[in-house]
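Subject: Structure handover

Hello,

Please find the structure below, with notes on what was found in it after that. Reply if any part needs another look.

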Amino acid sequence: MDIGGFVGSIVSAPFVCIGWIIIGFIAGALARRVMGSKNGSFVSDVVLGLIGAMIGGFVLGLLSAYARVYGNKFWRGPAVGYIELFRGTPLLMQLVIIYYGLPGLGITFSRELSAFLALGFNSGAYQAEYLRGSILAIGDGQMMAGRAIGMSRFKVIWHIILPQALRLAIPAW
């Protein structure tokens with residue numbers, strides 16, 4: 001039994017929860033600002049933000065994983081670059097670059113939107129990796145069987161491979 005991994009997961013769990021609460025608060029404040037409501041509570045901000053961050057990161061991660069596994073060189077290269085860039089740099093540095101660095105290039109975001117973008121891109125990169133792993137865990141026979149009955153490659157991926165891969169990826173959430 002790996003005691004170090006077990007202790008590490010117990011120690012890091014509260015920090016992950018605190019991080020998701022912060023993400024939820026920022027995304028909820030952004031949603032409230034976009035919708036024009038000023039009387040939201042902290043709980044509604046967290047709930048809105050968590051839902052938004054999870055959906056945004058999932059969509060970005062799924063597209064990146066699809067491009068990395070099934071894309072040609074034109075799509076695979078940018079997907080690998082995005083994943084390696086956002087997984088290889090500290091989140092704090094990403095936040096600083098988006099909020100303070102991009103205005104030097106003439107691109108300015110509010111505090112909430114800068115935080116939401118940085119956290120969303122970071123989350124999407126990590127989700128892309130475990131979604132990619134779950135897609136690769138599905139056997140090649142599934143693709144061959146779907147193609148043998150006349151389905152297009154996209155239909156096989158959408159109707160056969162992705163449902164199985166998402167089922168495998170759920171414990172990673």
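I135 touches A65, V69, Y70, I161, L162 and A165, leaving out residues up to four places away in sequence; contact here means heavy atoms within 4.5 Å. This is a predicted model, in which local features need pLDDT of at least 70 and side-chain atom pairs count only at pLDDT 80 or more, while totals for chains, interfaces and linings use all residues. Residues are numbered from 1 along each chain as its sequence is written, and side-chain values use heavy atoms, with hydrogens and water left out.

I135 also belongs to the largest nonpolar core, which has 16 residues. A nonpolar core is a set of buried Ala, Val, Leu, Ile, Met, Phe, Trp, Tyr and Cys residues joined through side-chain atoms within 4.5 Å, and buried means under 20% relative accessible area with a 1.4 Å probe, protein chains only. The members that touch the most others are Y70, I135, M143, V156, I157 and I161. At least two residues of this core come from each of helix 2 (42-70), helix 5 and helix 7. Helix 7 gives the largest share, seven residues. Another core, of five residues, lies apart from it and includes Y82, F86, A125 and A128.

Next, the helix pair. The axes of helix 5 (residues 111-136) and helix 7 (residues 153-169) come within 8 Å and cross at roughly 120°. Axes are lines fitted to C-alpha atoms over the stretch in contact, and angles run from 0 to 180 degrees between N-to-C directions. The two helices are therefore oblique to each other, oblique being what remains after under 35 degrees (roughly parallel), over 145 (roughly antiparallel) and 65 to 115 (roughly perpendicular). The contact is made by Y130, L131, S134 and I135 of helix 5 and by I161, L162, A165, L166, L168 and A169 of helix 7. By class, nine of these residues are nonpolar, one is polar and none is charged.

R132 is also in helix 5. Its contacts, neighbours within four places in sequence aside, are A65, R68 and V69.

Overall, the protein has seven helices and zero strands, where helices are DSSP runs (H or I) of at least four residues and strands (E) of at least two. Buried residues make up 32% of its 173 residues.

Regards

Methods. Ala, Val, Leu, Ile, Met, Phe, Trp, Tyr, Cys and Pro count as nonpolar, Asp, Glu, Lys and Arg as charged, and the others, Gly among them, as polar. Buried means under 20% relative accessible area, exposed over 50%, partly exposed in between (1.4 Å probe, protein chains only).
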